Amino acid sequence: MNKIPIIDIKPLLIPNSNSKLLHKTSIAIKNACKNIGFFYIKNHHIKPSHINNLLFSTHKFFNLSIKEKMKIHIKNSNIYRGYTPLGEEFTNDKYDWHECVDFGPNLKKSQPKNLLLGPNQWPKNPNNFKYILKKHWKLMNSLGEKITEGLAMSLKLPKHYFKNFMNKSHSYMRISNYPPYKNNTKENIKYGIGAHIDYGFLTILLQDNISGLEIKNFNNKWIKAPVIPGTFLINIGHMIQRWTNNYYKATIHRVIPSQKKTRCSIPFFFEPNLDSIITPIEKFCTKKNPAYYKPLHFGKYLKKTFQTSYSSIIK
């Protein structure tokens, strides 16, 4: 498949939706996951005014001075929350040409480091940014629950199959900024973010009006993921690949920075509970296709993943 499909998810959001429409949506999700691992969603019930406010405030934050942004540097957090400056993240042994801020489930008091729980670092400017980000978190968490129900139905599992694994979802949200890439003093930079698969369950991506994301289809060809107004871009991650024993596979993707314009994106990573054990589902394991994966404790896996990802920043 060389084109990312657009799926109408309205039937997933309406209580007691028509069963034929639900079936049509679940089949569309199945085909997208089997053929390319990405799909756009429309009729998601997120208001354009919220999206516009969020993108405006995000651009406004990244336009602040580096001194102001460094006040919430990720080194100030022992749970990997906060600002990472331009060209400091590392993918496939190369630095990534982006800056970002990471947020997680916000608890007022710090918890033991091994739990990855505690407070976020909220920027003071723009002054309404915290409110908008927290609102977006709630909206994306609810949307993630509905898309997960659609994924379950696409696998011919009960609608709420994943609920007990996700009812205390340890999700993450990131705001990312990809300035135009020009020759600079820092060596070993190639992409906005290098080729990778997402470590978790499900990603809900909001893009501004600048393209740059590319995905590697199952024919090993890179194709562009254009910006389509009014949609979010969804991709499945490594956890659903493990749960389905490779029936659904996470797709490799990367970001190519523009040479002239700045790109902004806001991914929301909808994840399992920290204590969830990810084990291949029995129906996807047979004599001809035995389980490829051992049971995995998501919290321990997540901590190890973060330690590796931020090793060049937090030492």
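This is a predicted model: local features need pLDDT of at least 70, side-chain atom pairs count only at pLDDT 80 or more; totals for chains, interfaces and linings use all residues.
## Around Asn43

Asn43 sits in the loop that runs between strand E2 (38-42) and helix H3. Residues are numbered from 1 along each chain as its sequence is written, and side-chain values use heavy atoms, with hydrogens and water left out.

With a relative accessible area of 37%, Asn43 is partly exposed. For burial, the cut-offs are under 20% relative accessible area for buried, over 50% for exposed, and partly exposed in between, using a 1.4 Å probe and protein chains only. Setting aside neighbours within four places in sequence, Asn43 is in contact (heavy atoms within 4.5 Å) with Asp8, Ile9, Lys10 and Leu13.

## H3 against H5

Two packed helices are described by the angle between their axes and the distance between the axes. Here, the axes of H3 (residues 48-62) and H5 come within 10 Å and cross at roughly 130°. Axes are lines fitted to C-alpha atoms, for helices over the stretch in contact, and angles run from 0 to 180 degrees between N-to-C directions. H3 and H5 therefore count as oblique to each other; under 35 degrees would be roughly parallel, over 145 roughly antiparallel, 65 to 115 roughly perpendicular, and the rest is oblique.

The crossing of H3 past H5 is left-handed, meaning that the near helix is turned anticlockwise from the far one by less than a right angle. On the H3 side, the residues that meet H5 are His50, Asn53, Leu54, Ser57, Thr58 and Phe61. Their counterparts in H5 are Phe129, Ile132, Leu133, Lys135, His136 and Leu139.

## A three-stranded sheet

Strands E4, E5 and E8 make an open sheet in the order E4-E5-E8, with mixed pairing. Strands E4 (90-91) and E8 (189-191) are at the edges with a single partner strand each, so one side of each has no neighbour in the sheet. Strands count as paired if DSSP finds at least two bridges between them. E4 and E5 (residues 94-96) run antiparallel and are joined by two bridges, and Thr91 has Lys94 in E5 as its bridge partner.

## Salt bridges

The whole structure has eight salt bridges, each defined as a side-chain nitrogen of Lys or Arg within 4 Å of a carboxyl oxygen of Asp or Glu. One of them joins Asp102 and Arg174 at 2.7 Å, N to O. That pair links distant parts of the chain, with Asp102 in strand E6 (residues 99-103) and Arg174 in strand E7 (residues 172-178), 72 residues apart. Asp102 and Arg174 are both buried.

Arg254 and Glu214 form another salt bridge, at 2.8 Å, N to O. Arg254 is in strand E14 (residues 253-255) and Glu214 in strand E11 (residues 213-216), so the pair ties together parts 40 residues apart in sequence. Both Arg254 and Glu214 are buried. Shared partners also join Glu89, Asp102 and Arg174 into one salt-bridge network.

Back in H5 (residues 129-154), Glu149 and Lys146 are three residues apart, about one turn of the helix. Their closest N and O atoms are 4.0 Å apart in a salt bridge. Glu149 is buried, at 11% relative accessible area, whereas Lys146 is partly exposed at 29%.

Conventions
Helices (H or I, at least four residues) and strands (E, at least two) are DSSP runs, numbered from the N terminus.
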